[in-house]
Amino acid sequence: QVQLVESGGGLVQAGDSLRLSCAASGRTFRPYDMGWFRQAPGKEREFVAAITWSAGRTSYTDSVKGRFTISRDNAKNTVYLQMNSLKPEDTAVYYCGTRITSYGDFGSWGQGTQVTVSS
């Protein structure tokens with residue numbers, strides 16, 4: 001059983017930066033990759049970014065490319081999301097998830113952390 005705990009959200013102004021963290025625990029934590037997703041009010045949860053645990057390969061949704069950076073610290077079992085040049089449309093609850101294969105679904109969701117960007 002893997003547990004994920006997100007932190008680092010907050011209320012910021014447009015153009016500001018935030019750094020989210022997601023700490024994983026559990027004896028069976030051997031992910032293929034970890035990802036960040038977000039869900040705005042009234043919308044579906046959407047993919048934001050992912051990073052493979054071994055090689056560190058990254059992927060991003062188009063709307064955050066050049067502004068967000070995902071990274072991981074394998075020793076701390078933690079993944080980060082550095083968010084720069086935040087926009088009001090980035091407002092959402094941000095979740096991290098993990099999966100053990102490249103073709104599986106993300107799961108083991110944390111409780112989420114709220115990010116609110118004011119204009």
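Leaving aside its neighbours within four places in sequence, which residues is Tyr94 in contact with?

Author: This is a predicted model, in which local features need pLDDT of at least 70 and side-chain atom pairs count only at pLDDT 80 or more, while totals for chains, interfaces and linings use all residues. Residues are numbered from 1 along each chain as its sequence is written, and side-chain values use heavy atoms, with hydrogens and water left out.

Once neighbours within four places in sequence are set aside, Tyr94 is in contact with Glu6, Leu20, Trp36, Phe37, Arg38, Val48, Phe68, Leu81, Met83, Gly112, Thr113 and Val115, where contact means heavy atoms within 4.5 Å. Several of these names return in the largest nonpolar core, which has 26 residues and in which Trp36, Val48, Phe68, Leu81, Met83 and Tyr94 are those with the most contacts inside it. A nonpolar core is here a set of buried Ala, Val, Leu, Ile, Met, Phe, Trp, Tyr and Cys residues joined through side-chain atoms within 4.5 Å; buried means under 20% relative accessible area, exposed over 50%, and partly exposed in between, with a 1.4 Å probe and protein chains only. At least two residues of this core come from each of S3, S4, S5, S7, S8, strand S9 (92-99) and strand S10 (113-118), and the largest share, 4 residues, is that of S3. In soluble globular proteins, nonpolar side chains tend to be buried together.

The strands themselves (E, at least two residues) are DSSP runs numbered from the N terminus, as helices (H or I, at least four) would be, and the protein has 10 strands and 0 helices. Two strands pair if DSSP finds at least two bridges between them. S4 is joined to S9 by 7 bridges, the two running antiparallel, and Arg38 stands opposite Tyr94 in S9. S4 also pairs with S5 in the antiparallel sense, over 6 bridges, with Trp36 standing opposite Ala49 in S5. Because 6 of its 7 residues are buried, S4 is largely enclosed by the rest of the structure.

The hairpin of S4 and S5 has 6 residues between the strands, and Gly42 there takes a positive phi near 80°. Lys43 lies in the loop between strand S4 (33-39) and strand S5 (46-52), and Lys43 counts as exposed because its relative accessibility is 58%. Lys43 and Ala92 are 49 residues apart in sequence, yet their C-alpha atoms are 9.5 Å apart in space.

Cys22 has Val79 in S8 as its bridge partner. These strands belong to an open sheet of 4 strands in the order S1-S3-S8-S7, with antiparallel pairing. Strand S1 (3-7) and strand S7 (68-73) each have a single partner strand and stand at the edges, so one side of each is left without a neighbour in the sheet.

As for the whole, buried residues make up 40% of the 119 residues in the protein, and, among contacts between residues at least 6 apart in sequence, 52% join residues at least 24 apart.
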